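Please open the structure in your viewer and keep the selection tool at hand.

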Amino acid sequence: MKFNKADIVALKGRPEPLGVITKLHEGYAFVLWWPTSDKPQHKTFLKPSRLELVQSSQKKRGRPPKNSRR
């Protein structure tokens with residue numbers, strides 16, 4: 001599977017923790033993991049084959065546009 005920078009990912013077979021890919025370099029993905037109750041925020045690098053895509057960076061996310069009715 002092809003990953004892009006800013007994709008939200010998880011480790012295969014595990015629902016938690018979630019992380020975001022910050023860099024793709026020489027066959028490795030650098031992932032910034034969100035903090036959990038037992039682990040602080042941290043960054044690791046691993047092979048993309050160990051990752052599972054949760055949400056693509058190509059899909060727009062964030063606050064929806066405000067309906068302006070005047």
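A residue is called buried when its relative accessible area is under 20%. Please bear in mind that the model shown here is predicted.

**First stop: Asp 7**

Select Asp 7, which lies in the segment before β1. Is Asp 7 buried or exposed? Its relative accessible area is 1%, so Asp 7 counts as buried. Now display the residues around Asp 7: leaving aside those up to four places away in sequence, Asp 7 touches Gly 19, Val 20, Ile 21, Leu 53, Gln 55, Ser 56 and Ser 57.

**Second stop: the nonpolar core**

Next, select Phe 3, Val 9, Leu 11, Ile 21, Ala 29, Val 31, Trp 33, Leu 46 and Leu 51; these 9 residues form the largest nonpolar core. Two elements, β1 (8-11) and β3 (28-33), each give two or more residues to this core. Which of the elements gives the most? It is β3, with 3 residues.

Within this core, select Ala 29. Not counting residues up to four places away in sequence, Ala 29 is in contact with Lys 23, Leu 24, Thr 44, Phe 45, Leu 46, Pro 48 and Leu 51.

Finally, turn to the largest pocket, whose volume is about 250 Å³. Select Leu 11, Arg 14, Pro 17, Lys 39 and His 42: of the 15 lining residues, these are the closest to the centre of the pocket. Then select strand β4 (residues 42-46), which gives the most to the lining, with 3 residues. Colouring the lining by class will show 7 nonpolar, 3 polar and 5 charged residues.

Note on methods: Residues are numbered from 1 along each chain as its sequence is written. This is a predicted model: local features need pLDDT of at least 70, side-chain atom pairs count only at pLDDT 80 or more; totals for chains, interfaces and linings use all residues. Side-chain values use heavy atoms; hydrogens and water are left out. A nonpolar core is a set of buried Ala, Val, Leu, Ile, Met, Phe, Trp, Tyr and Cys residues joined through side-chain atoms within 4.5 Å. Buried means under 20% relative accessible area, exposed over 50%, partly exposed in between (1.4 Å probe, protein chains only). Helices (H or I, at least four residues) and strands (E, at least two) are DSSP runs, numbered from the N terminus. Contact means heavy atoms within 4.5 Å. On a 1 Å grid over the protein atoms alone, a cavity is a set of points where a 1.4 Å probe fits but cannot get out, and a pocket is an open set with protein on both sides within 12 Å along at least five of seven lines; lining residues have an atom within 4 Å of a point. Grid points are joined across faces, edges and corners, and a volume is the space filled by probe spheres set on the points. Ala, Val, Leu, Ile, Met, Phe, Trp, Tyr, Cys and Pro count as nonpolar, Asp, Glu, Lys and Arg as charged, and the others, Gly among them, as polar.
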